[in-house]
Amino acid sequence: MEAQPHRIGKGNRVDSPRVHRVIWKVRLVAFAIGIFVATVVFGIALVVSDDLRLLYLIGASLLAAAASFLSAKAREVLTVAVLLLFASTSLFALFVLPQTPSLWPTLLLWVAIVVWLLFRKRFGGIITTVGAIILIAVSVCYCVSYIPVQMQRALTHVSNGLAPAFTLQPVGHGPVPTRATPGKILVLDFFATWCSPCVAELPELERVRADLQTSRDIEFVLVGTNKGSDTPERVRAFAQRRHIAVPVAFDHEQATMRAFGLDGFFQIWW
């Protein structure tokens, strides 16, 4: 007699090789998608913009799409959720949280989005809809209110002390302050030609400089570095192409940035 196929009822478990292959296939797919999501999110951070609001939204959208796709295939929901989230949450915890620990809700929200979508078939339609509305509302508040405030607190430092010795290489036309002058306030704006927030703030920097032109005791310098792919020639061409009026200098090997204890791009007044 031919063996009859097993019928799988609710709550039954069949330990067949085929079922095990399906389970492992779903696990591998979840892990691969998780790596892809992490690669996209952090690739955007390196190439396009390091705005953490954008990174959160892109990560949330990609993880939500992945969780929706996997929910129809996942037999072990928690395992699939862990594998899907592993790469993104690990990279965020390693590279973002050490500098801005207050952004830990990003991990919590990503986890909530993935778990909610993977488990959504177990809930009624009303609960699913309410959950979606709550997650969207919390995400909007998080991006609009919480992240900007926490980033400002994390990246704004005020101290009263002597500036370290430094020297910059002029790369623009006209006089360029390359070191601190006693009795004057020097504003250094460290930027990169590939840093979207840095470029976006340049018009505001030029407006502030124009407003303070009558104050001869305040000097501004726009400082490029070799962080990333910038060179003195590239910074000079960028300034000429955009008709930047602020004096431009270059910080070789990021020596001045390191002297100030900086790792990203900041504005310094003293």
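Tutor: A residue is called buried when its relative accessible area is under 20%, exposed when it is over 50%, and partly exposed in between, using a 1.4 Å probe and protein chains only. F92 therefore counts as buried, at 5% relative accessibility, and W110 counts as buried because its relative accessibility is 2%. The model is predicted, so local features need pLDDT of at least 70 and side-chain atom pairs count only at pLDDT 80 or more, while totals for chains, interfaces and linings use all residues. Residues are numbered from 1 along each chain as its sequence is written, and side-chain values use heavy atoms, with hydrogens and water left out.

Student: Which residues touch the most other members of the largest nonpolar core?

Tutor: A nonpolar core is a set of buried Ala, Val, Leu, Ile, Met, Phe, Trp, Tyr and Cys residues joined through side-chain atoms within 4.5 Å. Here the largest has 40 residues, and those touching the most other members are Y56, F92, L103, W110, V114 and L118. At least two core residues come from each of helix 1 (17-47), helix 2 (52-71), helix 3 (77-95), helix 4 (105-118) and helix 5 (125-155), where helices are DSSP runs of H or I with at least four residues, strands are E runs of at least two, and both are numbered from the N terminus. Helix 2 contributes the most, with 10 residues.

Student: Which residues does L103 touch?

Tutor: Leaving aside residues up to four places away in sequence, L103 touches L52, F92, V96, L97, Y142, Y146, I147, Q150 and M151, contact meaning heavy atoms within 4.5 Å.

Student: How many aromatic pairs are there?

Tutor: Rings of Phe, Tyr and Trp (its six-membered ring) pair if their centres lie within 6.5 Å, and planes under 30 degrees apart count as stacked, over 60 as edge-to-face and the rest as tilted. The count comes to 7 aromatic pairs. F92 and W110 make an edge-to-face pair, 5.6 Å centre to centre with 70° between the planes; because F92 lies in helix 3 and W110 in helix 4, the pair ties together parts that are 18 residues apart in sequence. F166 and F260 make a tilted pair, at 6.0 Å centre to centre and 55° between the planes. This pair links distant parts of the chain, 94 residues apart, with F166 in the loop between helix 5 and strand 1 (169-170) and F260 in the loop between helix 9 (255-259) and strand 5 (267-269). F166 counts as buried at 9% relative accessibility, whereas F260 is partly exposed at 21% relative accessible area.
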